[in-house]
Amino acid sequence: MLWLIPALPIVAAGIAALLKQPRRKTAASLAIGSMLGSLFVSLVAFVYVVAGSAHGGVVRETYNFTWIQTGAAQVDLGWVLDPLSAVMMLMVSFVGLLIFIYSLGYMAEDENFTRFFCFLSLFAGAMLGVVISNSLLLLFMCWELVGLTSYLLIGFWYQKPSAAAAAKKAFLTTRVGDVFFLLGIVWLFSQTGTLLFYNGGAGSMEPLNLLWLAANPSGWGLTAAGAIGLLIFAGAAGKSGQLPLHVWLPDAMEGPTPVSALIHAATMVAAGVYLIAHVYPLMHAGMPAGGTTIALQVVTWVGASTAVFAALIAVAQNDIKRILAYSTVSQLGYMMAGLGMGGVAVGMFHLITHAFFKALLFMGAGSVIHGCHEEQDIRRMGGLKSDMPTTFLTYAIGMLALCGFPLFFSGFWSKDGILEAATHWDISKGPFYMLAFGALLTAFYMTRQVSYVFFGNWRGHGHAHESPAVMTRPLAVLAFFAIALGAIGTPAWPWFRGFIEGRAVEVDWAGFAEPGLMTLMLVSSTIVLLGLGLGVWIYGSKTVKADAPDALEKAIPPVWTVLQNKFYVDELYDATVIAFYAWWAKVADWLDRRVWGGAVAGVIWLFGGGAQLSRLTDVYWVNGGFDKGCEELTNSGGLLSRVQSGKVQTYLRLLALAVVVLAAILIWSSRG
Amino acid sequence: MTPLGGYLLVAALLFAIGLAGALTRRNAILVLIGIELMLNAANLNLIAFWRFSPHPEALTGMMFAIFSIAVAAAEAAVGLGLVISIYRHARTTDLDKMNRMKG
């Protein structure tokens, strides 16, 4: 039954692909209808899992089937229903449905409406495929499909060269990660003979195989489990925009805002985090007591660095979507760090809450862009809180959730979970400080953004207007969840953690009394309020001119330039990787044209020469010989014909001669 | 009596002269004469062999020779007729000039 969940949207995409262009209602209803169906099935599955885990123990149902069988080895595919996948599929289908409805309004004036919904459905189907997959291979296939649809959707307005370039960049950068991912998959298959996660004890995530992998050394002090885990993390790093491979996410904002909301906030980028959560047993295998594996350490450090790095860049950006994009990269870093330090529940909780409030923020940004007539530069907005009240309210809720404003907002509880894991991490306190600094920066840049956009004076042209209900209602729903989801992650009722780990939990206010917890909550609240305060102090409700330099820019210009230019990472890549690749492409071109082309030309020359030789032989030797022969014949005929003089007497002379000869012969033969 | 060989020799000589004439003369009529000579030489041979045969009184040889003479005469007439018709056409009897059949 589970297969329906991704199948419905994919079928919808297929049907929509065959429709002729301006069939808006059909395409939209197909897409939304299929998402509704998926949501319904996800809800049923979720309820099933909840009911199952209420009795304690992890519910895990799988359905596996053999896809390819070659001799002794076989490749299985399958899907799994366990707490992790249940909660993820519910989130994906719910947020997806809301974004689909939002897109009805946002893309209403676009002429490629049908194509948009077709791609959206295909994406949704692929993402749900990633979520329910029980086999690394099926996951990888859907992963690639997700990457493809991301490419299609980022480059949706393909006539814009910047959009086409951004789509290409996204695809290629994630591809770099995917190469390592594939290597990890192949290695895992060769070591364990199976790519299934759970297979009644024989799966690759199950203790039997894990023990074997963990005991197997592979070089550089890593076990096989660690090395495979790192390779898989490389794939996740590409998809989720971790530090070296983050360059595609901000450029991906070239796509329409619903795309940014769905793919690059809530779901696709979360796929990387989900993957690591899924293979967590692998990364965690062989963990010495009280310590952690190398794989998890790498995940943590990369995550923490990304969090700070991206937050720094976000401070100096002026495009409303770019700020949110860098914010996403930063929050993904948080999630990875959470996974590394605190385990699956911690990272996943932040993923779920982040999905809701980031989608909310992006959709709010889309509403703002729509209301300001396609303006995206925050220096040309302002004072929108009176013109677009619903958008302002929901955006503010989303922003406070992202900053982790104490107590009421889900972001606070999820981020706190990560910070708590960081304080308990014995390897180093570095990540904690980095993440705390990141939280400060997050509050700061979000305040900057909100004050530029919603407060102050209107610096744009024309008049801003509120968005239609079809766009604002999903915003309201998401805002509700941004607040409400906090309830399932508080220390008093850690339902989420219990659900993932298969324990039943009850409301226990004593959970707040855990040592160090109150101090931590206080510390993080202070950090958030500090960041908010700083932002209000520097930016506040000031009236600013559209072209005036940013207040911070005036204060620390060199730092600002570095931040605004994204630490020059793109330029670095251009100079090194891209330059190397261009050089290599030239070499390959030279090789192709000179060496192989030369070889082909040589062969042609050889054949041509042979043909010429053959022709010459034919003309001079064969023809000539034949002609000469005929000539000689003719000549000899001519010669012979001279015998025929036409004169009778000549003939008679010959005749007489012949008779004499004959007689002589006869006489001499009879005599002898 | 002269031996047979003598008659044969004469006949052979006559034949040779006739042949020479038929083969080398340019004038068509002279060729015909040569042919006549050859025929007469053949006749002489016939008569000689008749006379020296075991039955010289049977008239077979003489009949043979008379037939031959008659045939020679007829053939000469035909030949002359041909020569005349050629002369009417070519205005000459020079055989060297009659090479229309030249290949």
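Guide: Helices here are DSSP runs of H or I with at least four residues, strands are runs of E with at least two, and both are numbered from the N terminus. This is a predicted model, where local features need pLDDT of at least 70, side-chain atom pairs count only at pLDDT 80 or more, and totals for chains, interfaces and linings use all residues. Residues are numbered from 1 along each chain as its sequence is written, while chains are lettered from A and ligands numbered from 1 in the order in which they are written.

Visitor: How many helices and strands does chain A have?

Guide: Chain A comes to 26 helices and four strands.

Visitor: How do I read two packed helices?

Guide: You describe them by the angle between their axes and the distance between the axes. Axes are lines fitted to C-alpha atoms, for helices over the stretch in contact, and angles run from 0 to 180 degrees between N-to-C directions. Take α4 (residues 113-132) and α5 (residues 136-154) of chain A: they pack at about 155°, with axes 8 Å apart. That makes α4(A) roughly antiparallel to α5(A) (the word applies to angles over 145 degrees).

Visitor: Which residues of α4(A) and α5(A) meet?

Guide: Residues are in contact if their C-beta atoms, placed from the backbone, lie within 7 Å. On the α4(A) side you'll find Phe119(A), Phe123(A) and Met127(A), among others, and the α5(A) side includes Trp143(A) and Val146(A). This contact divides into 14 nonpolar, two polar and no charged residues. Ala, Val, Leu, Ile, Met, Phe, Trp, Tyr, Cys and Pro count as nonpolar, Asp, Glu, Lys and Arg as charged, and the others, Gly among them, as polar.

Visitor: What does buried or exposed mean?

Guide: A residue is buried if 20 or more other C-beta atoms lie within 10 Å of its own, exposed if 12 or fewer, and partly exposed in between. Buried residues make up 50% of the 672 in chain A. In helix α10 (residues 257-266) of chain A, 10 of 10 residues are buried.

Visitor: Is Arg642(A) buried or exposed?

Guide: Arg642(A) counts as exposed because it has 10 C-beta neighbours inside 10 Å. Look for Arg642(A) in the loop between α25 (569-641) and α26 (648-671) of chain A.

Note on methods: Angles under 35 degrees count as roughly parallel, over 145 as roughly antiparallel, 65 to 115 as roughly perpendicular and the rest as oblique. Two residues are in contact if their C-beta atoms, placed from the backbone, lie within 7 Å.
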